[in-house]
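Student: I would like to work through this structure with you, one step at a time. Could we begin with a single side chain and then widen the view?

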Amino acid sequence: MSESQENPNKPVSLRCRLNYPDVDTFIRKYASHVSKTVIFAKIKKTFSVGAHVKFEFSLTDGTELLKGLGQILSSRSEPTEKGPAGIEIRILKLDKTGKQLIERIDNYKHETEHRNSLSRDSAPT
């Protein structure tokens, strides 16, 4: 019996080491999987929807990115028409470093969206 089945109120733990050389690369490559309220983790391990999870995302060198408490929104062990294998985590609590990183990601998304919008507007028709 798994830890979460023994005590459904006890959060499960999730540690993800992401293969990026630095925070800026992480932001560029992983931003589409992060919002102010939800994180998507590309993993094959499944968790019960609704379960609470203590999560920690870090770079391969150990640099901490996001650490907090969340709740599983969806879980897929295999890719489907809805998307790749992984879990969606609703962010319930996030440490200070994680909050700052989420703000950087949000700013990056807005800047990228703005640049793309300008490119479309200036393209010849």
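Student: Is Asp-106 buried or exposed?

Tutor: In this predicted model, Asp-106 has a relative accessible area of 18%. Buried means under 20% relative accessible area, and therefore Asp-106 counts as buried.

Student: Which residue forms a salt bridge with Asp-106?

Tutor: Side chains of opposite charge can pair when their charged atoms come close. For Asp-106, the closest N and O atoms of the pair are 3.5 Å apart, and the partner lies in the loop between H2 and S2, 70 residues away from Asp-106 in helix H3. That partner is Lys-36.

Student: Which residues do salt bridges with shared partners join into one network?

Tutor: Besides its bridge to Asp-106, Lys-36 forms a salt bridge with Glu-103, where the closest N and O atoms are 3.6 Å apart. Because Lys-36 lies in the loop between H2 and S2 while Glu-103 is in helix H3, this pair ties together parts that are 67 residues apart in sequence. The network formed through shared partners consists of Lys-36, Glu-103 and Asp-106.

Student: Which strands stand at the edges of the sheet?

Tutor: Five strands form an open sheet with mixed pairing, in the order S1-S3-S4-S5-S2. Each edge strand has a single partner strand, so one side of each is left without a neighbour in the sheet. The edge strands are S1 (12–18) and S2 (38–41).

Conventions. Residues numbered from 1 in each chain as written. Predicted model: local features only at pLDDT ≥ 70, side-chain atom pairs only at ≥ 80, totals over all residues. Heavy atoms only, no water. Pairing = 2+ DSSP bridges. Helix = DSSP H or I, 4+ residues; strand = E, 2+ residues; numbered from the N terminus. Salt bridge = Lys/Arg side-chain N within 4 Å of Asp/Glu carboxyl O. Buried < 20%, exposed > 50% of the residue type's maximum accessible area, 1.4 Å probe, protein only.
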